[in-house]
Amino acid sequence: MIIPALAQQPFASISNATWTSTGNNLPFWMTANQEGIIRAGNPFLNLTDVQAGMAGTPVSSALSLSWGARAVAGLGPTSYSQVNRAWAAIAFKGWELKGGLFPDTARYSGLSSTNGNLARSLNARPYPALQLSTGRFRPVPLTGGVIYFSALYSEGLLNDNRHVKNTRLHHKSFYLMAVPAGTLKIRAGFDHFVMWGGTSSSDAIGRMPQDFVSYLRYITGSRGGDDFPETDRLNVAGNQLGTWQLEAEKKWGSTTATFYLSHPFEDFSGVNWRNWPDNLMGIHLSFGTGRLIESVVYEYTSTMQQSARGNALYRWDENSSQWVRQEVDNYFNHGVYRSGFTYHRQVMASPLFFPVVVSNGISTGTSSTRFRAHHAGMAGSLPWHTGWKGIITYVSHHGTWARPYPAARKQVSALLGLHYVNPAFPVEFGLSAAADMGNTVPANSGICLSVTKRW
């Protein structure tokens, strides 16, 4: 289903879609980056999706209000219902305070494998959070309108069934944008996440520190105090992760080209670029609306190095004349926060970090964090009020440094969708087909039919 962002006027829609597949699960791109509305384990699913909201309603010249809601109900071998969005926001001169369940905005025409950020995708359900942000890029004083900044500060709660109950999730970001010319924009910054607090299911750990002094240790990336687990005292408090982000955008008439790079970090490795070969690199081309091809995305992702020297978990130390274990990363997994960077058993980072390992109904992270992937997507318009979208991904998974796969597990996943939207017709129709081929997950294919009514 293709659901647009909320407009500046009151908005409501109801959609019903039916998926069916040849395997035990739906194909990868029918479930990934769907805000977690499609749960695993359903080879057949009928889903009703209800949305409503309003964006940017002015209260005064400086004050505006927004809100949004989304609820879904799925019927299949495993039926369920859930609230995916329930949020409200108030903005004063653009500065915004938002609370509730809310997703990020889709970027790059919705064609990216991870919304352009390795740690910040649209794959999982939104978690409850309170967020203060600049709302948009704002000019830096005394720079003559050449340098701008944006920032956000958020605190959330991971209230699903997980190894550390009621894990808190801190998120902050800061970006600078340079506009040296009207047709060129360069953006650079970071997203920093910290999983902190909560109560571990392990008796040896129990309740994690969450007083104010400990909170300062978490958000500043400091080492844990005496009341922290040993790993946090030796390394840093909580599960620290994030990305460095770089983006360059250039316009030529109706064409816009955007190059972007997302570089992951875990604790201090990655912050200092010791894992410099690991990146998502992508390019997005936009050609305007009403064309056969309106936008194109290509991405290459590699997470193979993870701060290791050479191509092995152990390295020869010439000083001690013996083999020593390397201090390597395991992106988005963690020893204390064992459910990893997941929410409701779905990865909050790039969905290419898969498969999620589930034990007794609880996520224990992902079994493969080392992979190489090529991803491409296109979207455009056809005659007769029809839009189209196609994506294809090749990924080669290698497990983790601690538990490598004996041989690479390779996967190709693809999706092709059509969407009929005629302003003179009362409803919209969608049709999509997808397939998986390879040995990471079983070969699979499926189709989806949807009908949507908007107000």
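1. Gln-306 is a buried residue, with a relative accessible area of 0%, where buried means under 20% relative accessible area, exposed over 50% and partly exposed in between, computed with a 1.4 Å probe on protein chains only. Its place is the loop between β16 (295–302) and β17 (314–317); helices (H or I, at least four residues) and strands (E, at least two) are DSSP runs, numbered from the N terminus. Phi of Gln-306 is near 50 degrees, which is a positive value in a residue other than glycine.

2. A word on the source: this is a predicted model, in which local features need pLDDT of at least 70 and side-chain atom pairs count only at pLDDT 80 or more, while totals for chains, interfaces and linings use all residues. Residues are numbered from 1 along each chain as its sequence is written, and side-chain values use heavy atoms, with hydrogens and water left out.

3. Two further backbone features deserve a look. Phe-332, which is not a glycine, has a positive phi of about 65 degrees; this residue lies in the loop between β18 (322–325) and β19 (342–343) and is buried, at a relative accessible area of 5%. The peptide bond from Phe-354 to Pro-355 is cis, with omega near 0 degrees, and Pro-355 is placed in the loop between β20 (346–347) and β21 (356–359). For background, most residues other than glycine have a negative phi, and most peptide bonds are trans.

4. Which residues touch the most other members of the largest nonpolar core? They are Trp-19 and Phe-341, in a core of 60 residues, a nonpolar core being a set of buried Ala, Val, Leu, Ile, Met, Phe, Trp, Tyr and Cys residues joined through side-chain atoms within 4.5 Å. The elements that supply two or more residues to this core are β1 (11–21), α1 (28–31), β2 (44–58), β4 (80–92), β11 (184–196), α2 (212–219), β23 (371–382) and β24 (386–399). The element that gives the most is β11, with 4 residues.

5. The count of cavities of 30 Å³ or more comes to 1. On a 1 Å grid over the protein atoms alone, a cavity is a set of points where a 1.4 Å probe fits but cannot get out, and lining residues have an atom within 4 Å of a point. The largest cavity holds about 330 Å³ of space, where grid points are joined across faces, edges and corners and a volume is the space filled by probe spheres set on the points. Its lining has 21 residues, of which Phe-102, Pro-103, Asp-104, Ser-121 and Tyr-127 lie nearest the centre of the cavity. The elements giving two or more residues to this lining are β6 (128–133) and β10 (167–181).

6. Ser-113, in the loop between β5 (95–101) and β6, counts as buried at 1% relative accessibility. Its side chain makes a polar contact of 2.6 Å with the side chain of Glu-299; a polar contact is a pair of N or O atoms within 3.5 Å, where within protein one must be able to donate a hydrogen and the other to accept it, and residues adjacent in sequence count only if both atoms are side-chain atoms. Leaving aside neighbours within four places in sequence, Ser-113 is in contact (heavy atoms within 4.5 Å) with Trp-29, Asn-33, Glu-299, Pro-351, Leu-352 and His-375.

7. Asp-49, found in strand β2, is likewise a buried residue, with a relative accessible area of 1%. The side chain of Asp-49 makes a polar contact with the side chain of Arg-70, at 2.5 Å.

8. Is Thr-22 buried or exposed? At 63% relative accessibility, Thr-22 counts as exposed, and its place is in the loop between β1 and α1. Not counting residues up to four places away in sequence, Thr-22 touches Asn-444 and Ser-445, and a polar contact of 3.2 Å joins the side chains of Thr-22 and Asn-444.

9. Leu-63 lies in strand β3 (residues 63–75) and is partly exposed, with a relative accessible area of 24%. The C-alpha atoms of Leu-63 and Pro-77 are separated by 47 Å, although these residues are 14 apart along the chain.

Note on methods:
On a 1 Å grid over the protein atoms alone, a cavity is a set of points where a 1.4 Å probe fits but cannot get out, and a pocket is an open set with protein on both sides within 12 Å along at least five of seven lines; lining residues have an atom within 4 Å of a point.
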